[in-house]
There are 2 protein chains.
Amino acid sequence: MQALTGLDSSFLYLETPNMPMHVGGLDIYEGSLTFDEFKEFFSKRIHLAPRLRQRLIEVPLSIDHPYWIDDPDFNIDLHLQHMALPKPGDWKSLRKLTSHVFSQPLNRSRPLWEFVFVEGLENIPQVPKGSVAVISKIHHAAIDGASGAEMLGLLFDVTKEPREVPPEKPRELEPIPSDINLLYKSTMNYIKRPFKLPGLLYETAKSTLAAGKISRIQPSDVPRTIMNAPRTILNQAVSAERKWDTALLSLPRIKALKNAVEGATLNDVVMAICTGALRRYLLEKNELPDKPLIAMVPVSTRTKDEKDDMGNQVSAMLVQLPTDEEDPLKQLIRLQANTKRGKQYQGAIGAKQLTEYADFVPFGLGAQAARLYTRMNVSKYHSPLFNVIITNVPGPQIPLYMNGKKMLAHMGMAPIFDGMGLILPIFSYNGVLSISPTSCSNIMPDVSKFSRYLREAANTLEASVLALDKKKEK
Amino acid sequence: MQALTGLDSSFLYLETPNMPMHVGGLDIYEGSLTFDEFKEFFSKRIHLAPRLRQRLIEVPLSIDHPYWIDDPDFNIDLHLQHMALPKPGDWKSLRKLTSHVFSQPLNRSRPLWEFVFVEGLENIPQVPKGSVAVISKIHHAAIDGASGAEMLGLLFDVTKEPREVPPEKPRELEPIPSDINLLYKSTMNYIKRPFKLPGLLYETAKSTLAAGKISRIQPSDVPRTIMNAPRTILNQAVSAERKWDTALLSLPRIKALKNAVEGATLNDVVMAICTGALRRYLLEKNELPDKPLIAMVPVSTRTKDEKDDMGNQVSAMLVQLPTDEEDPLKQLIRLQANTKRGKQYQGAIGAKQLTEYADFVPFGLGAQAARLYTRMNVSKYHSPLFNVIITNVPGPQIPLYMNGKKMLAHMGMAPIFDGMGLILPIFSYNGVLSISPTSCSNIMPDVSKFSRYLREAANTLEASVLALDKKKEK
């Protein structure tokens, strides 16, 4: 039995019918993997990630965060679904199916994950016929981006030949604790931190009620006047239907672009591409604000020692996206300056401190504040703290294999919430970078247009860089 | 805004993670209906069944049953899923997919139904290639068997050419009531029936706590000593994974069989087939009890006036299945006598009275009693009241069309619960009778074997009847 951390359980409290708090992915595998092979392979390794066979138990009266217990009724068949893509088996069918799966909340009475095995990818460019896709969904309370990368490592191999995984040792399941035991354990937890609590609680309550829970991970000594984000159509209440798509870009091409501006990182180039697409999308709808958009960029703060246990240890960086600038090269130059400054602020606060802070929101306060935020439509009345979330998780740059079949691409999905209707999860894997806009039907019904703008923004930036190089040569 | 009846809301209270309380169906359509056609057709008629765009709101403090309200956020795309059957597109793939869909509980924050449109039925005998299937799921609180038959009537046509359905008049959505309004309305409801309540409440509490909620619809003046059911492997706690299959039988063949025994009805013949299959299945596992099994057979008690509003108005008949008898013809003779007696008992109590009784279980007592029943594993310690549920809903005996495509078959699915791990929903439609055993992975993992036994029991009974006819001729 293991208590959830404050940040992990906040993802449970934040969850509403319109805001399922799972992260997801779409992986494509080359060659004809069958569902039975997939199930057998996965069953043999599932014990490497204990969280996948654990479920939540809630503490009576909500005086403590929930606990994870080994699920005595775990049944893998409830978590694996097998289907095929409807005709013509093209990217549009896959994108729609994936969006539908992402729209359905996970069942809280079971371990918080689900895989959908999809056959029939018959008409997707660069994907050989007979390839299969796996849509995955894991609750944010059970995993974060970095843990996700670790899971890739657990379940996949770096060679075509699968490595030997030692079978599970016979294990004895802990009995499910009674309500009384849970109350006792929670009271003990509470007693251990009585002196630290009151001040933190007061501060947390104040800031949570004022601006929604998310403000707790905002670097608060960044001057508000600078960092205040403009209102945009992206920052409204979200609907239940997810709209998801992806833009795949060549990583070597992106890497080449960063050399155009001294000191620019790969991340700066990616942000410039996002900036270009956001500017074009909003401009076209006559909804581009004068002030530049602000992106929130989560940063993993887990230390090496903490890598074994999954869980969220994240702080945040706020970055100004120069959407008020038309020239892609000038966008990149400004971004390079902005992110450098952003990192300094974040470094000054101290990542560990932010994490500890998030660990102290007992009494279901998180849930109530988040609900209040949603219910009162607070997001309608104050300026957003940021306009878009961009998560950039670097993955392995070598091919991964699952049961001998090469993974061709990995694309991510992440939760959106009221006031924050667009998130851009970015993964790089084996020379391919995927940017996967995740939004909803009332905020970005035309998400495919946006993903096209992402691809085209990369082309435009590349053209500017080439033009610059030619100029230099002269 | 409309309050749920006592019986309807009891299906909400009874629901647990292992016991989703929806009814379902699998329909197969001839010819190449596309998903877009299906969606357009369905969207144009959905206003004929108002419940499909309503969702629940719960009353604070649980002092009254929940209410239905028009869902201001209704979005049909969240309720329609589009997929294809994995290869080879045979009955086994369809049965597995259907079982998986039936295993997933409905999302209570949305209107309580879901359709899955399935292409790729390439290898199912008697189903033309290119045909499609629709798996449907509707919460039992929103619909019962008879309402289901009405829904068929709303959404389907008796001619290939779809009839004109008048478009919906512009409607004004009621505002979602605040907690205060709900409390006021509930208190008023409560005040209107103060004198009737206490006695009924006491009686209900007593019987509910003693034997689980289901006892309320047992005809209590049937002597317990006669009607007590034996313990069987079917009467255990259920698991979350549904196992579902179907046996399709020719209705004219079944009808011919009833003439073999004077006074026998079609229902008696169907019960004889179920008896034969149950006997063989349990005998083979060395689990056949000496005493005959008892079936609970729900009977719709709605009057003609009540047909417009959906909702459950059901009473029950208990029927002894002669599983202790080997000879199929003698089984039928005994069943004819048993069901006649069963109907007399039920008639004596009065259907309307039973229904009213179920309307008085306030204060969340239903939920608590049902949970208590499950948690204490009461079902392990006392004899079951009955062993199996058999629901027989007669459908139209003419072909139905959906957007010009003929429905080839309709198969049902119904909820099981702890202590009652097998239900046999039976539908007849256009000359075909479907018996669709619905169970779970720990009670009947080999449900396909049982459905084969159903088909073979029909053959055996037919052979006996033919042998009898020959004897008579001599």
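Contact means heavy atoms within 4.5 Å. The model is predicted: local features need pLDDT of at least 70, side-chain atom pairs count only at pLDDT 80 or more, and totals for chains, interfaces and linings use all residues. Residues are numbered from 1 along each chain as its sequence is written.

**Exercise 1.** Find how many residues of chain B are in contact with chain A, and what area the two chains bury.

*Solution.* 
- Start with the contacts: 28 residues of chain B meet 28 residues of chain A.
- Next, take the buried area (accessible area, 1.4 Å probe, lost on putting two parts together, summed over both). The two chains bury about 2200 Å² between them, with 48% of it on carbon and sulfur atoms.

**Exercise 2.** Count the salt bridges between chain B and chain A.

*Solution.* 
- Apply the rule: a side-chain nitrogen of Lys or Arg within 4 Å of a carboxyl oxygen of Asp or Glu.
- The count is 0 salt bridges.

**Exercise 3.** Determine which rotation superposes chain B on chain A.

*Solution.* 
- Superpose by least squares on the C-alpha atoms of residues with pLDDT of at least 70 in both copies.
- Locate the axis: in chain B, the C-alpha of Ala84(B) is nearest, 2.3 Å from it.
- Check the surfaces: 100% of the contact residues of chain B recur in chain A, so the same surface serves both copies.

How values were computed
Chains lettered and ligands numbered in written order. Heavy atoms only, no water.
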